[in-house]
Amino acid sequence: MQIFHKFGDYMLIKFIVCFIAGIGAGLGTGFAGMSAAAVISPILITFLGVDPYMAVGIALASDVLASAVSAYTYGKNKNLDIKNGTVMMIAVLVFTLVGSYVSSLVPSTAMGSFSTVMTLLLGIKFIVKPVMQPKSRLENASAKQKIIRSVLSGILVGFICGFVGAGGGMMMLLILTSVLGYELKTAVGTSVFVMTFTALTGSISHFAIGGAPDWWILIFCAASTLLWARIAAISANKASPKTLNRVTGVVLVVLGSAILIFNLVK
């Protein structure tokens, strides 16, 4: 009987940790197109002792449904550029592999905090200088120009994501808003659309190499992330551009600060 009690207690701990991780990951995905790996991985490693490689695989798997349901919600509200998003997705997938290969050839660098710092800076940017509407470079661009820019952006995002190992969602959001000129809702919608497929590819490769995950942890994380991503995406599409910028900025700053503090005290 005592064994069952211990098993039940451990399952409860798993559920609580995964549920909390899913809240941060889901809000980050639904509001800002942020990868769940940035939130879920350090929490699973720290509080449940999950192997780092497997933790990333679980986080990416959790990201698939959360990003898909977020993309559906943004698309339903006409805040998704599928055509150019698909072009960018292909470039991201190809050059993530290229970046990963190049990374294996060079000495380890001190770029581990890259995505965390970028999350903080991007959050501050959305609070201080909101992205209210599409920029003229997007509105005046031809279909050919948009495709070329999407390919070049996908190459940059994919290579950095593969080389550094993180930051794909944040890089996409930064490039879609600041470089390509998307307003925030369409940028997030397009970002989560691309992340659905990159997360699927990444999770499959992780499990193929590292073996099967702890299925209960995966189920708990995926369910919580999906729930909160759905809530965040619905709220984001109903919010005014100014409110969405501020909420997204706050979410990014809080998550970025939490991850930064974790990295400093671990």
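How many aromatic pairs does a search of the whole structure find? The search turns up 5 aromatic pairs, and the views below visit some of them in this predicted model, along with a helix crossing.

View 1. Phenylalanine 15 belongs to helix H1 (residues 2-32) and phenylalanine 220 to helix H10 (residues 215-238), so the pair ties together parts that are 205 residues apart in sequence. Phenylalanine 15 is partly exposed, at 39% relative accessibility, while phenylalanine 220 is buried, at 16%.

**View 2. Phenylalanine 193 and phenylalanine 197 form an edge-to-face pair.** Here the centres are 5.5 Å apart and the planes make an angle of 75 degrees. Both residues lie in helix H9 (residues 184-210), and because they are 4 residues apart, about one helical turn separates them. Phenylalanine 193 is buried, with 14% relative accessibility; phenylalanine 197 is partly exposed, with 35%.

**View 3. Helix H2 crosses helix H3.** The axes of H2 (residues 37-48) and H3 (residues 52-76) come within 8 Å and cross at roughly 140 degrees, so the two helices are oblique to each other. The crossing is right-handed. From H2, the residues Ala37, Ile40, Ser41, Leu44 and Ile45 meet Pro52, Ala55, Val56, Ile58, Ala59 and Ser62 of H3. This contact brings together 9 nonpolar and 2 polar residues, with no charged ones.

Technical notes. Residues numbered from 1 in each chain as written. Predicted model: local features only at pLDDT ≥ 70, side-chain atom pairs only at ≥ 80, totals over all residues. Heavy atoms only, no water. Axes fitted to C-alpha atoms, helices over the stretch in contact; angles between N-to-C directions. Parallel < 35°, antiparallel > 145°, perpendicular 65-115°, else oblique. Left-handed = near helix turned anticlockwise from the far one by under 90°. Contact = heavy atoms within 4.5 Å. Nonpolar A, V, L, I, M, F, W, Y, C, P; charged D, E, K, R; others polar. Phe/Tyr/Trp six-rings, centres within 6.5 Å; stacked < 30°, edge-to-face > 60°. Buried < 20%, exposed > 50% of the residue type's maximum accessible area, 1.4 Å probe, protein only.
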